[in-house]
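Colleague: I would like to learn how to read a helix and its charged side chains in a model, step by step. Could you take me through one example?

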Amino acid sequence: MDAARRAPSARVNYASRDYWAGTIKMGLSKFFILRVLHYGPLHGYDIARLVERTTNGCCSPTEGTIYPVLREFEAGGFVTATEEVVGGRQRRVYALTDSGRAAFSVALEAWMEATAALQDTGRAFAAADRARVERNADGACCA
């Protein structure tokens, strides 16, 4: 049996808020890493803390997630990395390139489109839910 047909060993709980929050945060972390690098060159720890602060704790990238993303951005030419001594410790400091700024602009546009679609969906869902409640309040036997 090929891998596509095998049942996963652990089923995804699509009714779990944690599942959806994690999925959303994975995509947003990349976006916000590019965002905070607009402040100027930063080392990984500062990037993680600024992302957390910028998102009011919604996205809190860990070392296990931030450094692979930074390496991916560096390989793609979206950031540059230089070695600097900070407080007696050698650290990699990341800076946004022009390509990184352009990527952030495209990402911002895409996220804004997605946000608008989510807001429309939220309004439509709320309206449908209100209509269902009103139908039930009017004595309808079935919803």
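Modeller: We shall go from the overall layout to one helix, and then to its charged pairs. This is a predicted model, in which local features need pLDDT of at least 70 and side-chain atom pairs count only at pLDDT 80 or more, while totals for chains, interfaces and linings use all residues. Residues are numbered from 1 along each chain as its sequence is written, and side-chain values use heavy atoms, with hydrogens and water left out.

Colleague: Which pattern does the protein follow along the sequence?

Modeller: Helices (H or I, at least four residues) and strands (E, at least two) are taken as DSSP runs, numbered from the N terminus. Here there are four helices and three strands, and their order along the sequence is α-β-α-α-β-β-α.

Colleague: How much of the protein is buried?

Modeller: A residue is called buried under 20% relative accessible area, exposed over 50%, and partly exposed in between, with a 1.4 Å probe and protein chains only. By that rule, buried residues make up 24% of the 143 residues in this protein.

Colleague: What span does helix α3 have, and what would be expected?

Modeller: The expected span of a helix is 1.5 Å times one less than its number of residues. Helix α3, residues 63–75, has 13 residues and reaches 18 Å from its first C-alpha to its last, which is close to the 18 Å expected. Just after α3, glycine 77 takes a positive phi of about 80°.

Colleague: Which residues of α3 are buried, and which exposed residues lie on the face turned away from them?

Modeller: The buried residues of α3 are Ile66, Val69, Leu70 and Phe73. They lie on the same side of α3 because they cover an arc of only 100° around the axis, the arc being that of the directions from the helix axis to the C-beta atoms. The face turned away from this buried side carries the exposed residues Glu63, Gly64, Arg71 and Ala75.

Colleague: What do the buried residues of α3 pack against?

Modeller: They pack against α1 (17–36), α2 (44–54), β2 (79–86) and β3 (89–96).

Colleague: How many salt bridges does a search of the whole structure find?

Modeller: Side chains of opposite charge can pair when their charged atoms come close. A salt bridge is counted when a side-chain nitrogen of Lys or Arg is within 4 Å of a carboxyl oxygen of Asp or Glu, and the search of the whole structure finds seven. In one of them, the side chains of glutamate 72 and lysine 30 meet at 3.2 Å, N to O. That pair links distant parts of the chain, with glutamate 72 in helix α3 and lysine 30 in helix α1, 42 residues apart.

Colleague: Are glutamate 72 and lysine 30 exposed, or partly exposed?

Modeller: Glutamate 72 counts as partly exposed because its relative accessibility is 44%, and lysine 30, at 32%, also counts as partly exposed.

Colleague: Which residue does glutamate 74 meet in a salt bridge?

Modeller: Its side chain meets that of arginine 92 at 2.8 Å, N to O. This pair, too, links distant parts of the chain, since glutamate 74 is in helix α3 and arginine 92 in strand β3, 18 residues apart. Glutamate 74 is partly exposed at 27% relative accessibility, and arginine 92 is partly exposed at 33%. Glu74, Glu83 and Arg92 are linked in a network of salt bridges.

Definitions and conventions: Contact = heavy atoms within 4.5 Å.
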